[in-house]
Amino acid sequence: MAVSLCACFAERERLDTPIVTLLLTTRQVAAGDTIRGTLQARDASGIIDWVITARSAFDTVRVFGDAPELGEISAEFHLPVVDSIPAGTRVIVEAVVEDDQHFAIARSDTVTVTS
């Protein structure tokens, strides 16, 4: 006796991760000035939120936003640098983008404080 089984399966949504680019306007910034740049991201399933953090031994600042399942974003950002930060300090700028499948992708870069 031969038995044949046939099942119909709905195709699963393909998993993908956000493609993220962090572009800084400059690699050097003065104390009291502003770190400027652009965050670009795209994702086939949709981006739900993003955060950009500038972190040093002296301060941490953040800017964030949501993107109600947009497939692509481009956001300019401005992060202040404290007046009292010493010259030569490295500030790490990190962008994290999360998609609607809860994949989070991070990109980072560094700027240096000048006198």
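Biologist: Which strands each supply at least two residues of the lining of the largest cavity?

Modeller: Rolling a probe the size of a water molecule over the atoms shows where empty space is left. Here, in what is a predicted model, β3 and β4 each give at least two residues to the lining of the largest cavity.

Biologist: How many cavities of 30 Å³ or more does the count come to?

Modeller: The count comes to 1 cavity of 30 Å³ or more. The largest cavity has a volume of about 70 Å³.

Biologist: Let's step back to the whole fold. How many helices and strands are there in the protein?

Modeller: You'll find 0 helices and 6 strands, so from the N terminus on the pattern reads β-β-β-β-β-β. Of the contacts between residues at least 6 apart in sequence, 64% join residues at least 24 apart.

Biologist: What about the nonpolar core? Which residues have the most contacts inside the largest one?

Modeller: That core has 26 residues, and Ile 35, Leu 39, Ile 52, Phe 77 and Val 93 have the most contacts inside it. The elements giving two or more residues to the core are β1 (19-24), β3 (34-55), β4 (60-80), β5 (90-99) and β6 (104-114). The largest share, 7 residues, comes from β3.

Biologist: Can we zoom in on one of them? What is Ile 52 in contact with, leaving aside its neighbours within four places in sequence?

Modeller: Ile 52 is in contact with Leu 39, with Val 61, Arg 62 and Val 63, with Phe 77 and Leu 79, and with Val 93, Glu 94 and Ala 95.

Biologist: Now Thr 38, which sits in strand β3. Why does Thr 38 count as buried?

Modeller: The cut-off for buried is under 20% relative accessible area. Thr 38 counts as buried because its relative accessible area is 19%. Setting aside neighbours within four places in sequence, its contacts are Thr 21, Leu 22 and Leu 23, along with Ser 74, Ala 75, Glu 76 and Phe 77.

Biologist: And for the protein overall, what share of the residues is buried?

Modeller: Buried residues make up 34% of the 115.

Methods. Residues are numbered from 1 along each chain as its sequence is written. This is a predicted model: local features need pLDDT of at least 70, side-chain atom pairs count only at pLDDT 80 or more; totals for chains, interfaces and linings use all residues. Side-chain values use heavy atoms; hydrogens and water are left out. A nonpolar core is a set of buried Ala, Val, Leu, Ile, Met, Phe, Trp, Tyr and Cys residues joined through side-chain atoms within 4.5 Å. Buried means under 20% relative accessible area, exposed over 50%, partly exposed in between (1.4 Å probe, protein chains only). Helices (H or I, at least four residues) and strands (E, at least two) are DSSP runs, numbered from the N terminus. Contact means heavy atoms within 4.5 Å. On a 1 Å grid over the protein atoms alone, a cavity is a set of points where a 1.4 Å probe fits but cannot get out, and a pocket is an open set with protein on both sides within 12 Å along at least five of seven lines; lining residues have an atom within 4 Å of a point. Grid points are joined across faces, edges and corners, and a volume is the space filled by probe spheres set on the points.
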